[in-house]
Amino acid sequence: MILTKSLEKFGDYVMLMTRVFSAPDRWSEFFRRYIAEVYKLGIDSIAIVVTISLFIGAVITIQVSLNIMSPLIPAYTVGLVTRDTLILEFSSSIMSLILAGKIGSNIASEIGTMRVTEQIDALDIMGVNSANYLILPKIIALVTFIPVLVVFSMFTGLMGGYLIASFTGMISTAKYIYGLQSFFVEYYIWYSIIKSFFFAFVISSVASYYGYNARGGALEVGKASTDSVVVSSVMILLLDVLLTNLLLQ
Amino acid sequence: MIEVKNIVKSFEGKTILHDISATFYAGKTNLIIGQSGSGKTVLMKSIVGLIRPESGQVLYNGKDLLKMNSSEVRTLRSEIGMLFQGSALFDSLTVLENVMFPLKMFTRQSMVERVKRAEFCLERVNIKGVNNLYPSEISGGMQKRVAIARAIALNPKYLFCDEPNSGLDPRTSIVIDELVSDITKEYNMTTIINTHDMNSVMGIGENIVFLNKGHKEWVGTKEEIFTAKNEALDDFVFASNLFKMVKKYVVKENLESFFDNKSGK
């Protein structure tokens, strides 16, 4: 029963995506909406990404330095572990889970409200491909802007570690920076960015799907928003396992 | 002219529309009336193509909507204007941008031409001085009028109004009814209105289709309602004491004089 329902939903999702990925009715309108979505979904998320990354970077530094305090392990390891933790997992996967909550609920509730107030019906009646008009700019905006968020997250996370090192003196800043530079693998940055493209697509498309198919009133819009966050979070975790296996082997 | 023939529609095994056939004429205000849950909205959404019926035909000047290809549907949609129950104006656009939206999507007009046309449509529905306000900043009656202006922006051949008076006070309702009726005559449109407002029925009902529990029960004009021999229609139309009194007066006195007085002749 659950399997049938899930397959039905997946089929609906694929059908919706075929409508989304078609040529826009008006390219100028698409670009106007794309810019607006970059601002709303991307630039408006920088503050939360920076804040969370700064604190998590600091916390990772404290945790690592407390847990590996041993004369056998060099102090610069703190910088190295903080860097790899942030770059490999936090800035792409964990940040995407956070963005699934912020951006996903925003998209699902916006499109869901448009659905229940018949604004989507109004678009359809006019002959506008409502799925393409509403959803495509959101997906393209998030997929193209997420590398910026990932890089911001990496940088501010490492800065958080640096600040905590300089304020608490748990580790000297020189050793921390030496750790950041040690055994650096550039590919890890690309690996993180590649993963984030997939996560951005999942966040925006799943949230749009739930919003677009919301029926009823405020209660259903709220449920669509919650469901979108839950499903996209699970999808991100599954994809994380799959992509890590594929990209780091 | 729009004809529907033998429309059947069910949701989750429950039949909502039972073999509905009706004709809606150009240049007339065609009303679909019935209680809440009688299938009015489903019928209207089936006619405009938002819902696909299981069987039947929806003929726009003889051409079946259900057999049209996507480009034909797109062309037809550009000839349709619709006023939704809750106005369905786009929250993120101003009043002027809402009216300009269909022009922007479907014409090659310049910005100046679009603004000119949108301002003309807004003036036609007696809206002034709110061009730069957002829908949430204007009253419900104004929202309806802006929605009418948006619906007529592309000079449609067909106008659909789903409960245009819901949530409006009686005076504003009359204004909206008269506006829709005037525009219908002016542009010779085929207008279909879903309503359960008896003031609208008595005011502008030129061709009335009465639905009851998904069945077409009766078709006629506002004048014929008073002499109709249909129990369900009688129960629906003359449910209020006011209309019971009106019926008594009309049957006793003169039907023609009643409607002449009502239209202010």
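Start with chain B and colour its open sheet of six strands, in the order β6-β7-β8-β3-β9-β10 with mixed pairing. Strands here are DSSP E runs of at least two residues, helices are H or I runs of at least four, and both are numbered from the N terminus; two strands pair if DSSP finds at least two bridges between them. Select β6 (80-83) and β10 (215-220) of chain B next: these are the edge strands, each pairing on one side only. Look along the sheet and the twist averages 15° from one strand to the next.

Before going on, a word on the model: it is predicted, with local features needing pLDDT of at least 70, side-chain atom pairs counting only at pLDDT 80 or more, and totals for chains, interfaces and linings using all residues. Residues are numbered from 1 along each chain as its sequence is written, while chains are lettered from A and ligands numbered from 1 in the order in which they are written.

Now pick β3 (residues 29-33) and β8 (residues 190-195) of chain B, which run parallel and are joined by five bridges. Click Asn30(B), and you'll find its bridge partner in β8(B) is Ile192(B). Then show helix α5 (residues 140-152) of chain B, which packs on the sheet and touches β6 and β7 (158-162) of chain B. The direction of α5 makes about 170° with that of β6(B); axes are lines fitted to C-alpha atoms, for helices over the stretch in contact, and angles run from 0 to 180 degrees between N-to-C directions.

Next stop, the hairpin. Strands β1 (residues 2-11) and β2 (residues 14-24) of chain B run antiparallel, with seven bridges joining them. Lys9(B) has Leu17(B) as its bridge partner in β2(B). Two residues sit between the strands, and Glu12(B) takes a positive phi near 45°.

Bring chain A into view: 14 residues of chain B are in contact with 13 residues of chain A, contact meaning C-beta atoms, placed from the backbone, within 7 Å. On the chain B side, α2 (70-77), β6 and α3 (95-106) each supply at least two residues. The largest share, three residues, comes from α3(B).

Finally, colour chain B by domain: domain 1 (1-225) and domain 2 (226-264), with bounds from an automatic or database domain assignment. Their C-alpha centres lie 26 Å apart, and the contact takes twelve residues from domain 1 and twelve residues from domain 2 of chain B. On the domain 1 side, select α7 (198-204), β9 (207-212), β10 and α8 (222-225) of chain B, each supplying at least two residues.

Terms used. Contact = placed C-beta atoms within 7 Å.
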